[in-house]
Amino acid sequence: IAGAAMLPALAIIPATALGAAADPILAAIELHRKSLAAWLQIYETLDNAEGRASVDHGHRPSRLIIWRDYCIGGSEIDYRREVLLSEPGVDRKQIEHEYLDAKERERANIQAGIEWDNATGIAPLREQSDRASDVADTAATTMATTRPRTPAGAGALVAHVLKDMEIGENEWHGIALATTAAALQSMTVQS
């Protein structure tokens, strides 16, 4: 995330004010906030270290590649292949050849990034950032799939999602909102 240091701090609703003991979603929200804050702090350190290292080593190679005017990487390459193969009259052999080339260029870029990290001494910091990112992602998924048990918990989750959406959209936002909607519907049926 570029400019992670500039991201606004997420507002914290005291769990006791909302009845944390009665609703596990409150603990899940708090865990997500804390893990996200921890990752952003590590990421900021990594970003600053990259900036200092780029003075002597140039910029870190990007893992993204250009394929038919698209700057893409990871699963986007697979998706682009499927889109291209679905076009009428396409030369399937050509697309498959381009796809394999794109995947190979991506692997080379990833390897160049690893080598840059090792040459600059940033590799341990990147590993720490990757681990913290994984923890934050796991906390987000857990939170998004935890059903609020109280209207206050549902409200806290919706407020958390809305606050996070100010930064940008994530897949877990939709999951959390769907989980909240289902929880609220079941709360009304039970009443």
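These notes cover a helix, the salt bridges and a charged surface patch in a predicted model.

1. Helix α2 spans residues 24–57, which is 34 residues. From its first C-alpha to its last it reaches 48 Å, close to the 50 Å expected at 1.5 Å a residue. Gly-58 follows α2 and has a positive phi, near 75°.

2. The structure holds 12 salt bridges. Side chains of opposite charge can pair when their charged atoms come close.

3. Asp-117 has a relative accessible area of 4%, so it counts as buried. Arg-60 has 27% relative accessibility and therefore counts as partly exposed.

4. Arg-81 forms a salt bridge with Glu-96, and the closest N and O atoms are 2.8 Å apart. Here too distant parts of the chain are linked, with Arg-81 in helix α3 (residues 75–86) and Glu-96 in helix α4, 15 residues apart. Glu-96 is partly exposed, because its relative accessible area is 26%, and the buried class ends at under 20%.

5. Lys-103 and Glu-106 meet through their side chains in a salt bridge of 3.9 Å, N to O. The cut-off for such a pair is 4 Å, so this contact is counted. Both residues sit in helix α4, and because they are three residues apart, about one helical turn separates them. An α-helix has 3.6 residues a turn, so residues three or four places apart point the same way. Lys-103 is buried, and Glu-106 is buried as well.

6. Salt bridges that share partners join four residues into one network: Glu-50, Arg-60, Asp-117 and Arg-126.

7. Which residues form the negative surface patch? They are Glu-127, Asp-130, Asp-134 and Asp-137. Asp-134 is found in helix α5 (residues 123–145). With 48% relative accessibility, Asp-134 counts as partly exposed, because the exposed class requires over 50%.

Key. Residues are numbered from 1 along each chain as its sequence is written. This is a predicted model: local features need pLDDT of at least 70, side-chain atom pairs count only at pLDDT 80 or more; totals for chains, interfaces and linings use all residues. Side-chain values use heavy atoms; hydrogens and water are left out. Helices (H or I, at least four residues) and strands (E, at least two) are DSSP runs, numbered from the N terminus. The expected span of a helix is 1.5 Å times one less than its number of residues. Patches are made of residues with over 30% relative accessible area and no salt bridge: like charges are joined within 9 Å, nonpolar side chains (Val, Leu, Ile, Met, Phe, Trp, Tyr) within 5 Å. Accessible areas come from the Shrake-Rupley method with a 1.4 Å probe; for residues, only the protein chains shown count as cover. Lys and Arg count as positive and Asp and Glu as negative; His and the chain ends are not counted. The place of a charge is taken as NZ of Lys, CZ of Arg, CG of Asp or CD of Glu. Buried means under 20% relative accessible area, exposed over 50%, partly exposed in between (1.4 Å probe, protein chains only).
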